[in-house]
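Me: I would like to go through this model term by term and ask, for each label, what value stands behind it. Please set each value against its cut-off before you conclude.

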Amino acid sequence: MNLVYKRAIAIILLMASLAAPVAAEPFEDAAAAYGKGDYATALQLFRPLADQGMARAQAILGVMYANGQGVPKNDNEAMKWYRLAADQGDAGAQTALGVIYANGLGVPKDPDKGLEWFRKAADQGYANAQNNLGSMYDRGDGVAQNYAEAMKWYRLAADQGYASAQNNLANMYINGRGVPRDYAEAIQLSRLAAEQGLAAAQYNLAFAYANGQGVPQDYAEAVKWSRLAAEQGFTTAQYYLGIAYGNGQGVPQDFIQSYKWFEVAAAHGYKDAIQGRQAAAERMTNAQIAEAQKLAREWQPTRQPARSP
C-alpha cells in the first residue's frame with residue numbers, strides 16, 4: 001500500500017503550531033481564509049510570509065500548489081516550497097517530501113530519500129512521519145524489513161492518538177508480526193482508531209465481532225461498525241453489509257439492501273460482490289431489483305471529520 005499524505009490533516013497540524021509573534025495575525029487570517037475555502041485570500045496572505053522565510057507558510061503554499069488551491073496545480077512549485085520549509089526543519093513539509101519520494105509522485109521513486117525525510121520529521125515527534133516510517137519497516141520498503149522497528153514507530157505515533165498508527169499497530173497484533181498474536185490488544189487499538197472515524201479500523205472491529213475474535217460474537221455490533229466504514233466508501237465493509245442483509249445477520253433480512261451494498265461494492269471494484277449481487281437478484285422481483293439499483297446509484301460516501309493527533 002502506498003503511503004498517503006493526509007493533506008487536510010497536515011494543514012490542521014501545520015496551522016496548530018504557534019506562529020512567530022510578529023506574524024501571528026497575518027498567519028491566523030491566512031489560516032482562517034484557507035479553512036473557509038477562500039484560497040485566493042489565503043494565497044495573498046501566505047505568500048508574503050513565505051517569501052519572508054516563515055516555514056509554516058512555505059509548507060502550506062506547497063500544499064496549495066500540490067492541490068491546485070488558488071493557483072494552477074504545479075508539482076514543481078509544490079516541491080520548491082516544501083523543500084524551503086523542510087530545510088528549516090518543518091516536520092509537515094519533511095513528511096510531504098517523504099511521501100513524494102517514497103511514492104514517486106512527480107519524481108523518480110526513491111525510498112531511500114523518502115526514508116530520510118520521514119526520519120527527520122519522526123525524530124521531531126511528528127506522528128504522521130512516525131507512522132509512515134513504521135510502514136516502511138513493516139513492508140521492507142527502502143530498508144530491511146524489521147517488525148520490531150515498525151512496532152517502535154507505530155507505537156510512538158499511536159501513543160499520540162494518531163488513528164492510522166493505532167490501526168497499523170492493531171494489525172501487527174492481529175497477524176502476530178513482531179509480537180505474539182493478541183486479539184484483545186488489537187481490539188483496544190482498533191477501537192481507539194475507529195472512534196476517530198478511521199474506516200479501516202471500523203472494519204477491523206466489524207470483522208472481530210462477526211467472527212468472535214477477541215470479543216464475543218455479535219452480529220449487530222459487526223453491522224454497526226461495518227456500516228460506519230461502508231458509508232465512507234470502504235468496499236470490504238460494503239461487501240460485508242451485502243452478506244449481512246442477505247443472511248439476516250445482525251439486521252432483518254432485506255434483499256434490496258443486500259443487492260444495494262453488493263452493487264455499490266462492485267461498482268468500486270470489489271469483484272466478489274458481483275456474485276453476491278447475482279445471488280440476491282435470484283430472490284428478488286424485477287421491481288425490487290430496480291429499487292435496489294436506484295438506491296445504489298444515489299449512494300454517496302460520507303467523510304468523518306479529520307482529527308489532529
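Me: How many aromatic pairs does a search of the whole structure find?

Reply: The structure is a predicted model, and a search of the whole of it finds seven aromatic pairs. One of them joins Tyr203 and Phe207, with 6.4 Å from centre to centre and 55 degrees between the planes.

Me: Why is the pair of Tyr203 and Phe207 called tilted?

Reply: Rings pair if their centres lie within 6.5 Å, and planes under 30 degrees apart count as stacked, over 60 as edge-to-face and the rest as tilted. The centres of Tyr203 and Phe207 are 6.4 Å apart and their planes stand at 55 degrees, so the two rings form a pair and the pair is tilted.

Me: What separates Tyr203 and Phe207 along helix 12?

Reply: Tyr203 and Phe207 are four residues apart in helix 12, which covers residues 199–211, and are therefore separated by about one helical turn. Ring pairs also link Tyr203 and Phe207 with Phe234 into a cluster.

Me: Why is Tyr203 called buried, and why is Phe207 called partly exposed?

Reply: Buried means under 20% relative accessible area and exposed means over 50%, with partly exposed in between. Tyr203 has 15% and therefore counts as buried, whereas Phe207 has 39% and is therefore partly exposed.

Me: What makes the pair of Trp261 and Trp299 edge-to-face?

Reply: The angle between the planes of Trp261 and Trp299 is 70 degrees, with 6.1 Å from centre to centre. Planes over 60 degrees apart count as edge-to-face, so this pair of Trp261 and Trp299 takes that label.

Me: How do you know that the pair of Trp261 and Trp299 ties together parts that are apart in sequence?

Reply: Trp261 lies in helix 15 (residues 255–267) and Trp299 in the segment after helix 17 (286–298), so the pair ties together parts that are 38 residues apart in sequence. Trp261 has a relative accessible area of 0% and Trp299 has 11%, and because both values are under 20%, Trp261 and Trp299 are buried.

Me: Which residues does Gln238 touch, not counting residues up to four places away in sequence?

Reply: Gln238, which is placed in helix 14 (residues 235–247), touches Ala230, Gly233, Trp261, Val264, Ala265 and Trp299 under that condition. Gln238 is buried, because its relative accessible area of 0% is under 20%.

Me: How do you know that the span of helix 3 is close to the one expected?

Reply: Helix 3 (residues 39–51) has 13 residues, and its first and last C-alpha atoms are 17 Å apart, close to the 18 Å expected at 1.5 Å a residue. Just after helix 3, Gly53 takes a positive phi of about 100 degrees.

Me: Why does Phe46 count as buried?

Reply: Phe46 lies in helix 3 and has 0% relative accessibility, so with the limit at under 20% Phe46 counts as buried. The buried residues of helix 3 are Ala42, Leu43, Phe46, Leu49 and Ala50. The C-alpha atoms of Phe46 and Gln58 are separated by 7.8 Å, although the two residues are twelve apart along the chain.

Me: What makes the charged end of Lys120 sit over the ring of Trp117?

Reply: The charged end of Lys120 is 5.7 Å from the centre of the Trp117 ring. The distance limit is within 6 Å, and a charge must also be within 35 degrees of the ring normal; the distance meets its limit, and Lys120 is listed as sitting over the ring.

Note on methods. Residues numbered from 1 in each chain as written. Predicted model: local features only at pLDDT ≥ 70, side-chain atom pairs only at ≥ 80, totals over all residues. Heavy atoms only, no water. Helix = DSSP H or I, 4+ residues; strand = E, 2+ residues; numbered from the N terminus. Expected span 1.5 Å × (residues − 1). Buried < 20%, exposed > 50% of the residue type's maximum accessible area, 1.4 Å probe, protein only. Contact = heavy atoms within 4.5 Å. Phe/Tyr/Trp six-rings, centres within 6.5 Å; stacked < 30°, edge-to-face > 60°.
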